[in-house]
Amino acid sequence: MTTRQALRLTHLVSTIWFMACVGYILVLKLHQAGFHWWFTFSLSGHFAIAVFILISVYLFALFRGVGEAQQIEVEHPLTTTSYYMGFYVAAPLLGGLAGVLGMAAGIDQPISFLLGVALGTLYTTFGVWVIVDPIAGLVEMFVPSSRQHRLERLALVEAQRRTRQEKREQLLAEAFAREEQERQRWQQRLRPQAEKLAGLLACDLKDAARAEREAVDIGAHAWRLGGLSCMRQLRDMTVSLHGQAPDVDAVADCIANWWDGIGDWRKPSFR
């Protein structure tokens, strides 16, 4: 069995032991407070379900921490060692052992003995996980080599972030440049089509069917040339050329109705 596997197994056993001790203290204190056993066990059952869910999430997070060794050894020379990790995950078991040794002499009642063992487990686990471990991590942060490595690591992370940001901005600028070049190319090729389409907008009502057919052909050509973007540019060019119209929106709506169904073009449902 590897060290990592041993740590995982030890932590699993320690957590089960810790929760058993907490459950025993809860049940005993409720019973001593005057609650009947049936009520105590009923309440403890609901409590156990909630605790089981929370502990499952906690075990997943801590197992990932132990398995992936997320802490950097240079910055945490103490808390990343296998000895310290063994001490950390075995804290509930060590607390239970301390409780056994402390209550072994002079205690005749099993209930008091078990309570002392459970309290020893609870106090030791709280002391190690909530007090000792944060203090140890804080002390490690003030070690010169740890601080130096942390500053260098953060500087490297920041440099990598800036590099990624600059690369994204460069790619975005290149995309805008390509789009502008494409628009310039369409501008030249669409100019005759825009002029023809602007002329169709001025046709008489008797030529409306012919004008619509030709407008559809023009829109289909623009779709094949560059999709929706090309069609929008052609529409804007046409509206600009037909600037003498009193209602620009009416011109755009007319073009939108002509082109409805061409590729992904859809006329507005309402205005």
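At roughly what angle do the axes of helix 4 and helix 5 cross? In this predicted model, the axes of helix 4 (residues 91–103) and helix 5 (residues 110–141) cross at roughly 140° and come within 7 Å. That angle makes helix 4 oblique to helix 5, since only angles over 145 degrees count as roughly antiparallel.

**The chain as a whole**

- The chain contains eight helices and zero strands, and its pattern along the sequence reads α-α-α-α-α-α-α-α.
- The chain has 271 residues, of which 28% are buried.
- Of the contacts in the chain with a separation of 6 or more, 69% are between residues 24 or more positions apart.

**Helix 4 and helix 5**

- The crossing in which helix 4 passes helix 5 is right-handed.
- On the side of helix 4, the contact is made by A91, P92, G95, G96, G99, V100 and M103.
- On the side of helix 5, the contact is made by S112, F113, G116, V117, G120, T121, T124, T125, V128 and W129.
- Sorted by class, the residues in this contact are eight nonpolar and nine polar, with no charged residues.

**T125 in helix 5**

- T125 lies in helix 5 and is one of the residues of that helix in the contact with helix 4.
- T125 has a relative accessible area of 2% and is therefore buried, as the cut-off for that term is under 20%.
- Apart from neighbours within four places in sequence, T125 is in contact with F18, A91, P92 and V130.
- Two of these partners, A91 and P92, also belong to the helix 4 side of the contact with helix 5.

**Helix 3 and helix 4**

- The axes of helix 3 (residues 82–89) and helix 4 come within 4 Å and cross at roughly 60°.
- Helix 3 and helix 4 are therefore oblique to each other.
- F87, Y88 and V89 of helix 3 make this contact with A91, P92 and L94 of helix 4.
- By class, the contact of helix 3 with helix 4 has six nonpolar residues, no polar residues and no charged residues.
- A91 and P92 of helix 4 take part in the contact with helix 3 and also in the contact with helix 5.

Terms used:
Residues are numbered from 1 along each chain as its sequence is written. This is a predicted model: local features need pLDDT of at least 70, side-chain atom pairs count only at pLDDT 80 or more; totals for chains, interfaces and linings use all residues. Side-chain values use heavy atoms; hydrogens and water are left out. Helices (H or I, at least four residues) and strands (E, at least two) are DSSP runs, numbered from the N terminus. Buried means under 20% relative accessible area, exposed over 50%, partly exposed in between (1.4 Å probe, protein chains only). Contact means heavy atoms within 4.5 Å. Axes are lines fitted to C-alpha atoms, for helices over the stretch in contact, and angles run from 0 to 180 degrees between N-to-C directions. Angles under 35 degrees count as roughly parallel, over 145 as roughly antiparallel, 65 to 115 as roughly perpendicular and the rest as oblique. A crossing is left-handed if the near helix is turned anticlockwise from the far one by less than a right angle, and right-handed if clockwise. Ala, Val, Leu, Ile, Met, Phe, Trp, Tyr, Cys and Pro count as nonpolar, Asp, Glu, Lys and Arg as charged, and the others, Gly among them, as polar.
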